[in-house]
Amino acid sequence: MATRAPAATGRLLVGFRKWYYNMCGFNKLGLMRDDTIHEDLDVKEALRRLPENVYNDRMFRVKRALDLSMKQQILPKNQWTKFDEDVHYLTPYLEEVIRERKEKEEWMKK
């Protein structure tokens, strides 16, 4: 019985994540999770490091979402960003920027 509990808990957790992802609503505008990160200095630097095509895709999604929001509309359901298709494209760059900033701060303390 103990070996079954983690699998059931894992399925429940994935189910909750999918439910929460859909309840947030950004996917109904065609946005990905990383498109919704608040832009501070670290995020701006990570965005600067993105490959051009990834950055252009992000800008398209953001502009389309702003347009839809102003019109108080959402995309047709077949165009919503799906939980399984949402790629964390910015997270690796952001983690690198934060690591570099912390390393620089430690270096400046010495």
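## Burial and overall form

Of the 110 residues in the protein chain of this predicted model, 25% are buried (under 20% relative accessible area, with a 1.4 Å probe and protein chains only). The radius of gyration, taken over C-alpha atoms, is 18 Å, whereas a compact globule of 110 residues would have a value near 13 Å (the globule rule being 2.2 Å times the number of residues to the power 0.38). Along the principal axes, the C-alpha atoms fill a box of roughly 50 × 50 × 20 Å.

## Secondary structure and contacts

The protein chain has four helices and zero strands (DSSP runs of H or I with at least four residues, and of E with at least two, numbered from the N terminus). Among contacts (heavy atoms within 4.5 Å) with a separation of 6 or more, 81% join residues 24 or more positions apart.

## Confidence

The mean pLDDT (the predictor's confidence in each residue, from 0 to 100) of the protein chain is 91, and 93% of its residues reach 70 or more. Confidence is lowest in helix α1 (residues 4–24), at a mean of 82, and highest in helix α3 (residues 52–70), at 97. Where pLDDT is low, the predicted coordinates should not be read in detail.

## Lining of the largest pocket

The lining of the largest pocket comprises five nonpolar, one polar and three charged residues. Among them are Arg-17, Tyr-20, Phe-83 and His-88. Nonpolar covers Ala, Val, Leu, Ile, Met, Phe, Trp, Tyr, Cys and Pro, charged covers Asp, Glu, Lys and Arg, and the others, Gly among them, are polar. A pocket is an open set of points on a 1 Å grid over the protein atoms alone, where a 1.4 Å probe fits, with protein on both sides within 12 Å along at least five of seven lines; lining residues have an atom within 4 Å of a point.

## Basis of the values

Residues are numbered from 1 along each chain as its sequence is written, and side-chain values use heavy atoms, leaving out hydrogens and water. In this predicted model, local features need pLDDT of at least 70 and side-chain atom pairs count only at pLDDT 80 or more, while totals for chains, interfaces and linings use all residues.

Methods. Buried < 20%, exposed > 50% of the residue type's maximum accessible area, 1.4 Å probe, protein only.
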